[in-house]
Amino acid sequence: MLLWGDSGNLAGQPVVDIWKQKASSIVMAEEVKNCGHYVPEEQPDVTHKHIQAFTADLFST
């Protein structure tokens, strides 16, 4: 799972492509609006929503 801020250090970068060079599997990726580099601290509710959805999908099988 990848989350990054729209105004953080990866703004405007091809984040998923960058991470595909290191990660063997990316199942969820999203740019978080109104956020810098510290996504959990700056957008805790959005972070929680994404972690909850990710873990629900992961453990639903």
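Is Asn-34 buried or exposed? Asn-34 is exposed, with a relative accessible area of 67%, where exposed stands for over 50% relative accessible area, buried for under 20% and partly exposed for the range in between, computed with a 1.4 Å probe on protein chains only. Asn-34 is found in the loop between β2 and α2, and although Asn-34 is not a glycine, its phi is positive, at about 55°.

The structure is a predicted model, in which local features need pLDDT of at least 70 and side-chain atom pairs count only at pLDDT 80 or more, while totals for chains, interfaces and linings use all residues. Residues are numbered from 1 along each chain as its sequence is written, and side-chain values use heavy atoms, with hydrogens and water left out.

The protein chain has three helices and two strands, and these follow one another along the sequence in the pattern β-α-β-α-α; helices (H or I, at least four residues) and strands (E, at least two) are DSSP runs, numbered from the N terminus. The C-alpha trace spans about 35 × 30 × 10 Å along its principal axes, and of the 61 residues in the protein chain, 20% are buried. Among contacts between residues at least 6 apart in sequence, 62% join residues at least 24 apart, a contact being a pair with heavy atoms within 4.5 Å.

The two strands, β1 and β2, run parallel and are joined by four bridges, where strands pair if DSSP finds at least two bridges between them. One of the residues involved is Trp-4, whose bridge partner in β2 is Glu-31. Together with α1, the two strands make a right-handed β-α-β unit; right-handed here means that, with the strands pointing away from the viewer, the path from the first strand over the helix to the second runs clockwise.

The loop between α1 and β2 (29-32) holds Gln-21, and Ser-24 lies in the loop between α1 and β2 as well. Gln-21 is exposed, with a relative accessible area of 67%, and the C-alpha atom of Gln-21 is separated by 14 Å from that of Leu-2, which is 19 residues away along the chain.

The loop between β1 and α1 contains Gly-8, which is buried because its relative accessible area is 16%. Leaving aside neighbours within four places in sequence, Gly-8 is in contact with Cys-35, Gly-36 and His-37. For one of these, Gly-36, the C-alpha atom is 3.8 Å from that of Gly-8 in space, although the two residues are 28 apart in sequence.

Apart from neighbours within four places in sequence, Thr-47 is in contact with Leu-3, Val-39 and Pro-40.

Leu-3 and Val-39 also belong to the lining of the largest pocket, whose 13 lining residues include Leu-3, Trp-4, Leu-10, His-37 and Val-39 as those nearest its centre. On a 1 Å grid over the protein atoms alone, a pocket is an open set of points where a 1.4 Å probe fits, with protein on both sides within 12 Å along at least five of seven lines, and lining residues have an atom within 4 Å of a point. The elements that give two or more residues to this lining are β1 (2-5), α1 (15-20) and α2 (39-42), and the largest share, four residues, comes from β1. The volume of the largest pocket is about 160 Å³, a volume being the space filled by probe spheres set on grid points that are joined across faces, edges and corners. By class, the lining has eight nonpolar, five polar and no charged residues, where Ala, Val, Leu, Ile, Met, Phe, Trp, Tyr, Cys and Pro count as nonpolar, Asp, Glu, Lys and Arg as charged, and the others, Gly among them, as polar.
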